[in-house]
Amino acid sequence: MGESLTKKILRSHFVKGSMVPGEDIFIKIDQTLTHDINAVMTYLAFEQIGMDRIGVEKAVSYLDHNLLYIDFKTPDDHIYLQSAAKRFGAAVSRPGNGIMHAVQVGRFGRPGIISMGGDSHTPHGGAIGMLAIGVGGMDVATAMTGIPMRLTMPKVVKVYLTGSLNPGVNSKEVILQMLKIVSLKGGLGKVFEYVGPGAATLEVPQRTAITNMGAEMGATTSIFPADEQVRKFMRAQGREDEFVEMLPDEDAEYDEVIELNLSDLKPLIACHPQPDNVMPLSDCPKKEVRQVFIGSCTNASYADVARAALVFKGHHVHENVQCTCGISTRQNYKALLKDGYIDMLLDAGVRLLEISCGPCCAIGQTPPTKGVAVRTSNRNFKGRAGNPNAEIYLTSPESAAATAIMGTFATAEEVMGDQVKILGDVHEPELYDINDNMIIPELPPEEAREVPIVKGPNIAFLPIPEKPEDHLVCPVSLKGRDNISTDDITPASAELSSMRSNIPLMSRYCYMRYDPDFAERARKMGRSIIIAGENYGQGSSREHAAINPMYLGVKCVIAKNIARIHRGNLINHGIVPMYFEDKADYDRLDQEDILEIEGFTAQIPERRVLVKDVTKGISFYAVLDLSDEEVEIVLDGGQLRHLKKQLREMGVDTGARLKEIKVEA
Ligand code: F3S
């Protein structure tokens, strides 16, 4: 039997381990990417690691998420990140150049490589036949050292696409349909490989909407073959010379198969508050919509925005609706301007935003009280838009435009009638405007060594956890429900996101929208344990959802289930992730119960821990689903201590001399 594309790429990057699904594999990483509201911690960690220079072929630091300089904090962060990138040998994509994933796929990615990004939507890059994996910031810092990275060998799911999308139906419908089939955690431990004649009809930016939102299924990543569509895209990016055809073998063996006929798809909508809460848009009870956002890395490509503009042509945004548009890159913005689509948006009353993530991560455009918002982005968790009592619905750009016109959920066909067919004529440009003058290239090593790292008052320190205690006695600081997201743990907004470089400050807002008393309660408890339901830590990769609780003294999370990236972040930051052996035990525990674990450090390698509830006089078992290396990381007190030990054993020089400029307020 032949091999899937996923296995071919993993094999070509294999260093050690086992390629049996579920087992550990160590792989070489080619590229890394970070973004401004998480990367300060990543670069502070890289400073602590002590290496002189980044050890992957390309590292890019994107300044793209928070471009609202509401006070000194974010500009401080950007200056720090730019100086750290120069010092350690990373390129910088400056504010205004574009959203990380869209720029990375256009300017840096190439077929057959593996990238690791400190953002859960890194799988966006899979659209051009590369394996692009989202991880936490500490993992990116580790990858930046150049040492092989551990991955749980995934199962590979063949998604066989036939047919072609009808006009008015977007590739967003493909991934929403997949979410409906697979569900939020159905993709755990899997790579979704899209193949077949239907896949061949999809242009690269259409594919990115699918690979990007594969993150919502909990997947390791998603990938398309590097075929003629990828060649066309790379030619349009002036990089055809970097194209290599990468296809699965004709007789490739897969662990599962899903079939989808693109011609059968109709406009869909993901209803509040989960991206897998999907139904046909025409079946969704009509609601008065207050806000529409067409944008984000998911669905703000040239063709996405051009099609939305055509829906708007001759119409106006409904008087009850605020409609904003955030185009993914400067490159796409210029092409849309040249081709007259920006005019159409302005004529319709659409408000054009800065080129950034912005509203997608609650940085601006918060919906009103109890308001309904329609977005083309990828997440609709409670509070994701900055207002926990608002409702967010996810649709394609075509449906979002129609909704903005009608003031309630609508499809392009409802607005355009037969004319909807003209949407099928929109394609990506043959040649994009190629101008990398907003990318600051890496400095050569000799020059880089002289660059000082600039730290304003917002750049605090990276908290480093202690090793686990052998006899742990502490209360439950939180008993959480199912599907707690990292947005629940570390809420986002322009103000809160700008605090992510300052953990003592930010930790005060931990769980603020979920349980406003949590931070103070945990701080007073000193040491505590969190109890949670299914899919704990789903959503964004933000490692602050681990760092802040760790800083507040949380030692373990015992949950029914923990999302992949968050589980890794907990391990990296010294919080021991455990599962109820019997999920029914969750119901027996209460917040503030005192739990006791004797001989904890001896039980961790056994992957089974006896926990006593001293308050109730009962006991239960928690299990640890940890690889051998993860056991070591946990016992070492987190990834930073573990990595430094590893590098010392390897004889790597970790004594880099750093020059620092402290900027006092
Ligand atoms: Fe940015 Fe939202 Fe994408 S925060 S990277 S636009 S998921």
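1. Ground rules. Residue numbers start from 1 along each chain as its sequence is written. Since we have a prediction here, local features need pLDDT of at least 70 and side-chain atom pairs count only at pLDDT 80 or more, while totals for chains, interfaces and linings use all residues; side-chain values use heavy atoms, with hydrogens and water left out.

2. Domains. The protein chain is assigned domain 1 (5-264), domain 2 (268-414) and domain 3 (472-638), with bounds from an automatic or database domain assignment. Between the C-alpha centres of domain 1 and domain 3 there are 28 Å.

3. Where domain 1 meets domain 3. Contact (heavy atoms within 4.5 Å) involves 31 residues of domain 1 and 29 residues of domain 3. About 2,300 Å² is buried between domain 1 and domain 3, and carbon and sulfur atoms give 52% of that. Buried area is the accessible area (1.4 Å probe) that two parts lose on being put together, summed over both.

4. H2 against H5. Helices are DSSP runs (H or I, at least four residues), numbered from the N terminus. Helix H2 (residues 36-49) packs against helix H5 (residues 137-144) at about 45°, axes 8 Å apart. Axes are lines fitted to C-alpha atoms over the stretch in contact, and angles run from 0 to 180 degrees between N-to-C directions. H2 and H5 are therefore oblique (under 35 degrees is roughly parallel, over 145 roughly antiparallel, 65 to 115 roughly perpendicular, the rest oblique). The contact uses Thr42, Tyr43, Ala45, Phe46 and Ile49 of H2 with Gly137, Met138, Val140, Ala141 and Met144 of H5.

5. H2 against H3. Helix H3 (residues 73-88) also packs with H2 at an angle of about 45°, with axes 10 Å apart. That makes H2 oblique to H3. On the H2 side, the contact includes Asp36, Tyr43 and Glu47, and on the H3 side Asp77, His78 and Phe88 are among the partners.

6. H10 against H12. Helix H10 (residues 302-312) and helix H12 (residues 341-348) have axes 9 Å apart, at about 45°. Tyr302, Val305, Ala306, Ala309, Leu310 and Phe312 of H10 meet Tyr341, Met344, Leu345 and Ala348 of H12. That contact has ten nonpolar residues, no polar and no charged.

Conventions: Helices (H or I, at least four residues) and strands (E, at least two) are DSSP runs, numbered from the N terminus. Ala, Val, Leu, Ile, Met, Phe, Trp, Tyr, Cys and Pro count as nonpolar, Asp, Glu, Lys and Arg as charged, and the others, Gly among them, as polar.
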